Amino acid sequence: MIKDDGDEASEPKKKRKQQKEMKGAIEFRNVYFSYPTRPEMSVLHGFSLEIGAGKTVALVGPSRSGKSTVIGLIERFYDVQKGSVLIDGRDIRSCSLAHLRSHIALVSQEPTLFSGTIHDNIMYGDEHATEDEVTSAAKLANAHEFISAMEGGYDARVGERGAQLSGGQRQRIALARAILNNARVLLLDEATSALDTVSERLV
């Protein structure tokens, strides 16, 4: 069966509607976790935390205190040994990985960029986005100014793994991509570590 034009035009709307079904309230309930390679070393021991939907929460602590572990458990890079991680009251282990991660955007300290243009890399956040939405996301990530100053602008190529860009530029493009994704849960794992103080404050 061939879809008519009306069906195709409705696809982006359907995608965005589905994304809004998750509110994004996160709860860690008495979580115990050790990495498989170091089972004798407990990273989280009876850890509990509640984050309401739409809230901004920062986890602060020294290296190896479990900040990135919390993010990894939300993404289900690992599963807890005891306790549970819930989103909107539902144990995330009962969700398919594809469904769970479609509602989550992650920007890490070393973000992944793909060979292609700056525009391409931002558009990975939402392939149905308009040009205005791409530009708006770049502005929110404090990336529009440096992109516009580059030869080629948004059509400038980033090189393999973003080799043509500085660490701070890569992070801001990854942030723009995450903003464009408009996921219900946005995870930032030291995502502004390569930015100067002024840029970090703006972001």
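Visitor: Which side chain meets Glu75 in a salt bridge?

Guide: The general idea is a side-chain nitrogen of Lys or Arg within 4 Å of a carboxyl oxygen of Asp or Glu. Here the partner of Glu75 is Arg101, at 3.9 Å from N to O. The pair links distant parts of the chain, 26 residues apart: Glu75 is in the loop between α2 and β3, while Arg101 is in helix α3. Helices (H or I, at least four residues) and strands (E, at least two) are DSSP runs, numbered from the N terminus.

Visitor: What should I keep in mind about the source of these values?

Guide: This is a predicted model, in which local features need pLDDT of at least 70 and side-chain atom pairs count only at pLDDT 80 or more, whereas totals for chains, interfaces and linings use all residues. Residues are numbered from 1 along each chain as its sequence is written, and side-chain values use heavy atoms, leaving out hydrogens and water.

Visitor: Are Glu75 and Arg101 buried or partly exposed?

Guide: Buried means under 20% relative accessible area, exposed over 50%, and partly exposed in between (1.4 Å probe, protein chains only). Glu75 has a relative accessible area of 6%, so it is buried. Arg101, at 33%, counts as partly exposed.

Visitor: How many salt bridges does the structure hold?

Guide: It holds 4. Another of them joins Glu27 and Arg29, with the closest N and O atoms 3.1 Å apart, and Arg29 is partly exposed at 43%. Arg93 and Asp91 also meet in a salt bridge, at 2.9 Å from N to O. Both count as partly exposed: Arg93 has a relative accessible area of 37%, and Asp91 has 21%.

Visitor: Which residues does Ser84 touch?

Guide: Contact means heavy atoms within 4.5 Å. Not counting residues up to four places away in sequence, Ser84 touches Glu27, Phe28, Arg29, Val31, Asp91 and Arg93. Ser84 lies in strand β3, residues 82-87. Its relative accessible area is 12%, so Ser84 is buried.

Visitor: How many residues of helix α2 are buried?

Guide: In α2 (residues 67-74), 6 of 8 residues are buried: Thr69, Val70, Ile71, Gly72, Leu73 and Ile74. Their cover includes β1, β2, β3, α3, β5 and β6.

Visitor: Which residues touch the most other members of the largest nonpolar core?

Guide: A nonpolar core is a set of buried Ala, Val, Leu, Ile, Met, Phe, Trp, Tyr and Cys residues joined through side-chain atoms within 4.5 Å. The largest has 25 residues, and Ile118, Ile122, Val134, Ile147, Tyr154 and Ile173 touch the most other members. β5, α4, α5, α6 and α7 each supply at least two residues, with the largest share, 6 residues, coming from α7. A second, separate core of 21 residues includes Met22, Ile26, Leu44 and Leu187.

Visitor: How far from Arg177 is the nearest side chain of opposite charge?

Guide: Lys and Arg count as positive and Asp and Glu as negative, with His and the chain ends not counted. For Arg177, which is found in helix α7 (residues 167-181), that side chain is Asp120, 11 Å away. Arg177 is buried yet has no salt bridge. Its contacts, leaving aside neighbours within four places in sequence, are Thr112, Leu113, Phe114, Asn121, Ile122, Tyr124 and Gly125.
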